[in-house]
Amino acid sequence: MSGRALVTVLFAMVLVPHVQALSREWLGPNLITSKGPGRSSGTGLTAIGTKIYLFGGDWHARGNEMWVFDAALPGNGWTDLTNALAAVGSSPSERIGPCMLSRGSDIVLFGGGIGNSGAFNDLWTLDTNDLKAGWQEHQVSSSAPVERETPGCAVVGSHLYVYGGLANIQQSFGSGEWIIDLWRIDLDNTANGWTELAATVGSGPTQTRGPPFTAIGTKLYTMSAGNLWVLETTNLNAGWTCQARTCLGTRSWAGE
């Protein structure tokens, strides 16, 4: 998210934070139009500059809708990009709980599920500076992360890291296996495929529903059982380090 604009979507309302001298309060922009994506859960969301991009989600079969909202021009409301993107090529199919983040002007989207009917492990990018080029799917011939919903994702340099999520989704809602594997792919050269950074020895994060996962600099961070874990991507063999007294040991990751 850009440092120029801190933006969050709560349900269907976009709230722009405003800090006053004596109090902090969230102010909702006065939208001049009722047009918008509507209520949703499991929606992909990211921001580039002052613009918020929203994809998919689960509410009355929203499918693979793509919306954009400019927090710098809140009076303009939401813009539906779905049909324009579909007109210039293929788009990610409908899904809930995808990983969606930004890298420069690109939106990166991975995985997601389709309720009780399974999940995806496809990888897409969209250049917001060239929307007429449409979504680009990156076909990877090598082994890839298992299909999953609500994975954790982060970008460090040109590398996308995918962590955990809900796999092996069954016929009942929310059932499946919460996994803790870690994968990496170079977004500048996706033809080289995915690399699994397999756990080898030591302790580390445990399974977490929809793992919180982010990167700061070259480090990856996740929360598990109330503990904060850190992994230095420039020295993966050093393993995960727990930032709480309740944690013991580290987990090393092969593949570096």
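This is a predicted model: local features need pLDDT of at least 70, side-chain atom pairs count only at pLDDT 80 or more; totals for chains, interfaces and linings use all residues.

Residues are numbered from 1 along each chain as its sequence is written, and side-chain values use heavy atoms, with hydrogens and water left out.

**Exercise 1. Describe the largest pocket: its volume, its lining and the strands that supply that lining.**

Step 1: Get the term clear. On a 1 Å grid over the protein atoms alone, a pocket is an open set of points where a 1.4 Å probe fits, with protein on both sides within 12 Å along at least five of seven lines; lining residues have an atom within 4 Å of a point. A volume is the space filled by probe spheres set on the points, which are joined across faces, edges and corners.

Step 2: Read the volume, which is about 490 Å³.

Step 3: Look at the lining. It has 23 residues, and Met100, Leu101, Cys153, Ala154 and Phe213 lie nearest the centre.

Step 4: Find the strands (DSSP runs of E, at least two residues, numbered from the N terminus). At least two lining residues come from each of E4 (44–48), E8 (99–103), E12 (152–156) and E17 (213–216).

Step 5: Sort by class. Ala, Val, Leu, Ile, Met, Phe, Trp, Tyr, Cys and Pro count as nonpolar, Asp, Glu, Lys and Arg as charged, and the others, Gly among them, as polar. This gives 15 nonpolar, 8 polar and no charged residues.

**Exercise 2. In what order do the strands of the open sheet of 4 strands run?**

Step 1: Two strands pair if DSSP finds at least two bridges between them.

Step 2: The order is E4-E5-E6-E7, with antiparallel pairing. E4 and E7 (78–80) are the edge strands, each pairing on one side only.

Step 3: Zoom in on one pair. E5 and E6 are joined by 5 bridges in the antiparallel sense, and Leu54 has Trp67 in E6 as its bridge partner.

**Exercise 3. How many salt bridges are there, and what does each one link?**

Step 1: A salt bridge is a side-chain nitrogen of Lys or Arg within 4 Å of a carboxyl oxygen of Asp or Glu. The whole structure has 3.

Step 2: Asp122 and Arg95 have their closest N and O atoms 2.8 Å apart. Asp122 lies in E10 (residues 119–127) and Arg95 in the loop between helix H1 (82–86) and E8, so the pair ties together parts 27 residues apart in sequence.

Step 3: For Asp188 and Arg103 the closest N and O atoms are 3.0 Å apart. Asp188 is in the loop between E14 (177–186) and E15 (194–196) and Arg103 in E8, so parts 85 residues apart in sequence are tied together.

Step 4: Arg148 and Asp181 form a salt bridge, at 2.8 Å between the closest N and O atoms. Arg148 is in the loop between E11 (136–137) and E12, and Asp181 is in E14, 33 residues apart.
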